[in-house]
Amino acid sequence: MQVDFLGSFPGLDGRPEPVCPEFCLLGRSNCGKSSLINYLLRRKGMARISRQPGKTQLFNYFRVQDRYDFVDLPGYGYAKVAKTRREAWWTLLCRYLERDERLTAALHLMDARRAPSDHDREVAAMLRERGVPSAVVVTKLDKLNQRDRMPAFRGIIEGLSLDAESPFLLTSSHRGTGREEVLAWIEEVLTLNADGV
Ligand code: GTP
Ligand code: MG
């Protein structure tokens, strides 16, 4: 898979010209966004993985096979990041999700072990409101026992008020689970996008 790193940008201005459909990866801090990108692209270390959550404070653009862009976004809601910085990032993220013309679709990542936060709910509501194609991608599936999975999924579905048709994809970047399903969803969106639907 050919992947080009286009760069990291501190805000909405100064990003490269929009050429390809854009898929953003969103989620609370430490939920596994960068790991998922590396797993999907089969590139270890392509998107920076950090054990210190909240480190990625930039819009990081990756172009995949000259067909679409992934945007690795900073996580929201990390308590150890200074409050003003956290709020500034949240404001910028809302602007991007509500208004940015280049956004084609969103992958909303949810750590399998964690109940949706208020920010998660707000993100889901903003995406729904705008009608942006979006999929909930449950991450770190390997961390849950079989018997804890259904209650966890139910908690996420109810917490985010997802309806029965909402794409709900199960992944583990560590175990290597769910890559095909995520890539298939992306292809679906690309097809709809090309048809102008
Ligand atoms: P920020 O950019 O800081 O918001 O974090 P992120 O969402 O990009 O998360 P990142 O990919 O950096 O992963 C955070 C931590 O979770 C790292 O320690 C990863 O190794 C771990 N992690 C990511 N994916 C998985 C997974 O599928 N399973 C397990 N067990 N751990 C994972
Ligand atoms: Mg990251």
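**Notes on the cores, rings and cavities of this model**

Tyrosine 96 is buried, at a relative accessible area of 0% (buried means under 20%, exposed over 50% and partly exposed in between, using a 1.4 Å probe and protein chains only). A word on conventions before the points: this is a predicted model, in which local features need pLDDT of at least 70 and side-chain atom pairs count only at pLDDT 80 or more, while totals for chains, interfaces and linings use all residues. Residues are numbered from 1 along each chain as its sequence is written, chains are lettered from A and ligands numbered from 1 in the order in which they are written, and side-chain values use heavy atoms, leaving out hydrogens and water.

1. **The partner of tyrosine 96.** Phenylalanine 59 also counts as buried, because its relative accessibility is 0%. The ring centres of phenylalanine 59 and tyrosine 96 lie 5.4 Å apart with planes at 70°, so this pair is edge-to-face. For the cut-offs, rings of Phe, Tyr and Trp (its six-membered ring) pair if their centres lie within 6.5 Å, with planes under 30 degrees apart called stacked, over 60 edge-to-face and the rest tilted. The pair joins distant parts of the chain, 37 residues apart: phenylalanine 59 sits in strand β3 and tyrosine 96 in helix α2 (residues 83-99). Helices (H or I, at least four residues) and strands (E, at least two) are DSSP runs, numbered from the N terminus.

2. **Other aromatic pairs.** The count comes to nine aromatic pairs. Phenylalanine 23 and tryptophan 185 make an edge-to-face one, at 6.2 Å centre to centre and 80° between the planes.

3. **The largest nonpolar core.** This core has 26 residues, and those touching the most other members are Phe23, Tyr68, Phe70, Leu107, Trp185 and Ile186. Such a core is a set of buried Ala, Val, Leu, Ile, Met, Phe, Trp, Tyr and Cys residues joined through side-chain atoms within 4.5 Å. Helix α5 gives the largest share of this core, six residues. Isoleucine 186 touches Phe23, Tyr68 and Phe70, leaving aside residues up to four places away in sequence (contact means heavy atoms within 4.5 Å). A second, separate core of 22 residues includes Tyr76, Cys94, Met126 and Val132.

4. **Strand β2.** Five of the five residues of β2 are buried, so the strand is largely enclosed by the rest of the structure. Glu22, Cys24 and Leu26 point one way, Phe23 and Leu25 the other. In a regular strand, side chains alternate between the two faces of the sheet. β2 runs parallel to β4, joined by four bridges, and also pairs in the parallel sense with β5 over five bridges (two strands pair if DSSP finds at least two bridges between them). Glutamate 22 stands opposite aspartate 69 in β4, and cysteine 24 opposite alanine 106 in β5.

5. **The largest cavity.** About 70 Å³ of space lies in the largest cavity. Of its 10 lining residues, Gln57, Gly75, Val81, Arg86 and Trp89 lie nearest the centre. On a 1 Å grid over the protein atoms alone, a cavity is a set of points where a 1.4 Å probe fits but cannot get out, and lining residues have an atom within 4 Å of a point. Points are joined across faces, edges and corners, and a volume is the space filled by probe spheres set on them.

Methods. 1 Å grid on protein atoms, 1.4 Å probe; cavity = no way out; pocket = protein on both sides within 12 Å on 5 of 7 lines; lining within 4 Å.
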